[in-house]
Amino acid sequence: MKKRTIIEPFKIKMVEPLTFLTRDERKRVIDEAGNNLFLIKSEHVTFDFLTDSGTTAMSAAQWGAMMVADESYAGSRSFERFRATVEKVMGFSHVIPTHQGRAAERVFFGQLVKSGHKIPSNNHFDTTRANIEFLGAEAVDLVVEEGKDPANPAPFKGNLDPVKLEKFCAENRGKIPIGMITITNNTGGGQPVSMENLRQVASIYKKYGIPFIIDACRFAENSMFIKTREAEMGSRTVASIARETFDFADGCLMSAKKDAMSNIGGFIALRDDRWLADLRNLLILTEGFPTYGGLAARDLEGMAVGLIEVLDENYLTYRLAVSSYFSEQLNRIGIPTMRPAGGHAVYIDAKAFLPHIPPEQFPGQALAVELYLAEGVRSCEIGSAMFGKFTTESSGAKKFVPAAMELVRLAFPRRVYTQSQFDYIIEGFEEIALNKDRIRGLKLVYDPPYLRHFTARFA
Ligand code: F0G
C-alpha cells in the first residue's frame, strides 16, 4: 500500500494558542533560568516535549464522563466503573487507586519491600528506583545488552535478559519479594518488551516463587509494538495482546498519566487478595479511602474512559508513527537518535552529534538549550547533567565521572501537537544541524545536593 501522510485520527474542538518568542527573548529567559529548562515558565515554551506524563489532551468522552462522576466519599459509583474497566482491560479484579504512579510505588513497596531486599527489572524508572532505595533495598537493572547500544536497531530492546535473571534469582533466594518489568522501558529509551520475553520472565519468576509485578504505564504502546513487530502477532487485536501481557503477571503498578490518557492518577491492580487489606490500610494513611485513593471521582471516570480509548488501533498507529517519523527526519538531517524510536519519545544521541563538547561540559544540556533557543522546544537532558558524578581522588583532586550516554529526550504529549507542527520543528532543526559546530559547552555553576537536573544552574 502507498505510504500516506500521517494524520491525527481525531477532530479538535478545543484549542490553546501557541506562544512564539524571538531568539533574543528566549535568550533572556534561558539566561535567567541558569540554562535549566525545568526553571522556565511554560508560557515561554512553544513546543513542550519535557514529558508525556499528565500532558495528554483528554477527549470529549472523558470530559463528559467526568461531569457525571459520583463524588461520594465511600462506595462511589465512579470507583466501581473504574475498577470494572481495569478488570476488563487487565484482568485484575482488585484495584487500589492512587494520586499518581509514584504513590502506587510508595504504598506497594512500603508494604512488601524491606531493607536488604533486591528487586530486578529491565530498567527501573527513577521514582521506582528511589522508592525502593528509600526502603534500604536495591533496584537491579537486567536489561538485554542490545538495550544499552543506541545504534542497535533490534526490535525489542526493552527485554529483560532471561539468562541474567535466572542467575540473579538463583543467587538471591529469599531476598526477592517481587520481580518487575517496565513496559515500555522508559529509562532504556521507551523500548518495547516482546510477548516471548514476558513469557520467559514470568516463568523464571514463577520457578523461584517470586510474584511478578508489571510497571504498566505505557502498556498500550508496548502492545502495539508487539502487534507490529513480533511474529504471529499481526492479526491479533491490541486489546487481546494487552490482556495476554497481564495474564502473565500477579499485578501491576500504573501511572495513569501516560496510557490511561489522564492528567493525574495511578493505581495498583492485583490478581488475588493476599496483600489487599494491608495495602488499603497503608493507603488510608496518606492517599485516602480505598474507593478514591487521593483522587476526585471525576479523575476515576477520566481514567476509565482513557483506558479503553488508548486501545484504539487507529490512535496507536498514529501514536507510534509520530515518534518513528520524527526520528527518521532527525536522522535525515544528520541528527543521530537512539534507534529504533521509542513509543512516547525520541532520544537524540548528543555525544555522537556534538563530539566537540566533552562530557564535563554537558553536551546533552548544551543541545537542549540550543533546541529551546532556536525553536522554543523544551526537551529533557538524560546524560551527565542528570547522572554525572563528582568523586574525590586520593590526592584530593575532584574528578568528574560522566553518564554512560548523553541523551536528549523529546517526549510527546498524547493528542496535543499536529503533524504539520512536527514538520515545522524539523525545518528549524535543519539549521541547528548545519551550524552544530557553533554550539558550545556549559559549565555547572550551582550543583544541588539531590536530583541535580531539577534545580542546577549552568553558564
Ligand atoms: N514508571 C515509569 C516507567 C514512568 O515513566 C513514570 C513517570 C513513573 C513510573 C512514575 O509515575 O509520574 O505518575 O508518579 N514518568 C514520567 C516521565 C515522569 O516523564 O517519564 P508518576
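Asparagine 35 sits in the loop between helix 1 (23-32) and strand 1 (47-48); helices (H or I, at least four residues) and strands (E, at least two) are DSSP runs, numbered from the N terminus. This is a predicted model, in which local features need pLDDT of at least 70 and side-chain atom pairs count only at pLDDT 80 or more, while totals for chains, interfaces and linings use all residues. Residues are numbered from 1 along each chain as its sequence is written, and side-chain values use heavy atoms, with hydrogens and water left out.

**Asparagine 35**
- Asparagine 35 counts as buried because its relative accessibility is 9%; buried means under 20% relative accessible area, exposed over 50%, and partly exposed in between (1.4 Å probe, protein chains only).
- Leaving aside residues up to four places away in sequence, asparagine 35 touches Ile30, Gln365, Val369, Leu442, Phe458 and Ala459, where contact means heavy atoms within 4.5 Å.

**Around the ligand**
- The ligand is surrounded by 17 residues, and the closest are Thr51, Arg102, Asp215, Ser255 and Lys258; a residue is near a molecule or strand if one of its heavy atoms lies within 4 Å of it.
- These shell residues divide into two nonpolar, eight polar and seven charged (Ala, Val, Leu, Ile, Met, Phe, Trp, Tyr, Cys and Pro count as nonpolar, Asp, Glu, Lys and Arg as charged, and the others, Gly among them, as polar).
- Helix 4 (residues 101-112) gives the largest share of the shell, three residues.
- Glutamine 100 has an N or O atom in its side chain 2.8 Å from an oxygen atom of the ligand, and a polar side-chain atom of asparagine 186 is also 2.8 Å from an oxygen atom of the ligand.
- For aspartate 215, a polar side-chain atom lies 2.7 Å from a nitrogen atom of the ligand. A polar contact is a pair of N or O atoms within 3.5 Å; within protein, one must be able to donate a hydrogen and the other to accept it, and residues adjacent in sequence count only if both atoms are side-chain atoms.
- On its own the ligand has 470 Å² of accessible area, and the protein covers 93% of it (areas come from the Shrake-Rupley method with a 1.4 Å probe; for residues, only the protein chains shown count as cover).

**Strands and their partners**
- Strand 6 (residues 212-215) points Phe212 and Ile214 one way and Ile213 and Asp215 the other, and all are buried.
- Strand 5 (residues 179-182) pairs with strand 6 in the parallel sense over four bridges; two strands pair if DSSP finds at least two bridges between them.
- Isoleucine 181 has isoleucine 214 in strand 6 as its bridge partner.
- Strand 9 (residues 345-349) is largely enclosed by the rest of the structure, because five of its five residues are buried.
- Strand 9 runs antiparallel to strand 14 (residues 407-411), joined by five bridges, with tyrosine 347 opposite arginine 409.
- Strand 12 (residues 389-392) and strand 13 (residues 398-401) are antiparallel partners over four bridges, and lysine 389 stands opposite valine 401.
- The hairpin of strand 12 and strand 13 has five residues between them, and glycine 396 in the turn has a positive phi of about 95°.

**Two partly exposed residues**
- Serine 203 belongs to helix 7 (residues 195-207) and counts as partly exposed because its relative accessibility is 43%.
- Phenylalanine 387 lies in helix 15 (residues 384-387) and counts as partly exposed at 42% relative accessibility.
- Not counting residues up to four places away in sequence, phenylalanine 387 touches Ile382 and Ala403.
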